[in-house]
Amino acid sequence: DMFFFFSILNNPNLYEQFVEIMRQFDPGFISINSVQEEGMLDIKYVVLSKNHHEGLLLNAYGDGMKKAMLLLSSVVKAQEGGILLLDEFETAIHVSVMRDVFKWVIETAYKLDVQIFMTSHSLEAIEEVLKCTPSIQKDMRMITLVKVDDEVRVRNVDGEKAIQLLDEYGLELR
């Protein structure tokens with residue numbers, strides 16, 4: 001089960017938040033259910049939406065919605081001291097929904113004691129992650145490798161300092 005939906009489906013509070021995020025992709029989103037045909041091993045996911053006359057298979061939706069579901073359910077699955085590694089975490093997430101998706105991922109990870117390591121080359125995505133949850137910026141770390149005089153150095157600052165370096169000095173954070 002690559003999306004770990006059962007972890008979200010079994011937690012009403014997280015599921016309610018999950019539905020709100022999914023409505024960013026499909027305003028008529030009602031629910032998602034897993035369906036397993038008798039005698040078949042694979043599980044299919046059916047999305048119920050006010051925008052369609054019947055449930056649609058998740059595959060009918062775009063990569064952005066599927067990626068958001070993967071991110072959200074992965075955080076829940078990793079709960080209680082888990083670690084989540086997200087390489088190029090913004091891939092397939094449209095700029096218009098980045099803030100809401102990243103805010104949910106980071107706040108939920110914080111509540112569930114999940115440590116996230118994210119990598120990206122997208123300045124927009126990095127900025128959204130740093131700015132979407134002001135209350136926990138001090139607990140974030142921004143680590144970049146910087147070449148100085150033919151030597152690679154590590155810049156390691158908290159989220160607040162990273163935002164200051166970005167906003168006040170226009171420093172390259174990637």
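**Close-up views of the predicted model**

View A. Thr91 is partly exposed, with a relative accessibility of 42% (partly exposed lies between buried, under 20% relative accessible area, and exposed, over 50%; 1.4 Å probe, protein chains only). The model is predicted: local features need pLDDT of at least 70 and side-chain atom pairs count only at pLDDT 80 or more, while totals for chains, interfaces and linings use all residues. Residues are numbered from 1 along each chain as its sequence is written, and side-chain values use heavy atoms, without hydrogens or water. Thr91 belongs to the loop that runs between strand E4 (83-87) and H4 (DSSP runs numbered from the N terminus: helices, H or I, at least four residues; strands, E, at least two).

**View B. The chain as a whole.** The chain contains six helices and seven strands, and their order along the sequence is α-α-β-β-β-α-β-α-β-α-β-β-α. The C-alpha trace spans about 65 × 30 × 30 Å along its principal axes. Of the 174 residues in the chain, 42% are buried. Among contacts with a separation of 6 or more, 55% join residues 24 or more positions apart (contact: heavy atoms within 4.5 Å).

**View C. The largest nonpolar core and the surroundings of Ile32.** The largest nonpolar core comprises 48 residues, and Phe18, Met22, Phe29, Ile32 and Met69 have the most contacts inside it. Helix H4 gives the most to this core, contributing eight residues. (Such a core is a set of buried Ala, Val, Leu, Ile, Met, Phe, Trp, Tyr and Cys residues joined through side-chain atoms within 4.5 Å.) When neighbours within four places in sequence are left aside, Ile32 is in contact with Phe5, Leu9, Tyr15, Phe18, Tyr45, Val46, Val47, Leu58 and Met69.

**View D. The salt bridge between Glu37 and Lys44.** The structure holds nine salt bridges (a side-chain nitrogen of Lys or Arg within 4 Å of a carboxyl oxygen of Asp or Glu). In one of them, the side chains of Glu37 and Lys44 meet with an N to O distance of 3.5 Å. Both partners are partly exposed: the relative accessible area of Glu37 is 46%, and that of Lys44 is 34%.

View E. Lys103 and Glu107 form a salt bridge in which the closest N and O atoms are 2.7 Å apart. The two residues stand four positions apart in helix H4 (residues 95-111), and therefore about one helical turn separates Lys103 from Glu107. Lys103 is partly exposed at 30% relative accessibility, as is Glu107 at 26%.

**View F. A salt-bridge network that includes Lys131.** Lys131 pairs with Asp167 in a salt bridge whose closest N and O atoms are 3.0 Å apart. Lys131 is in helix H5 (residues 123-131) and Asp167 in helix H6 (residues 159-169), so this pair ties together parts that lie 36 residues apart in sequence. The network of salt bridges links Glu127, Lys131 and Asp167. At 21% relative accessibility Lys131 counts as partly exposed, and Asp167 likewise counts as partly exposed at 47%.
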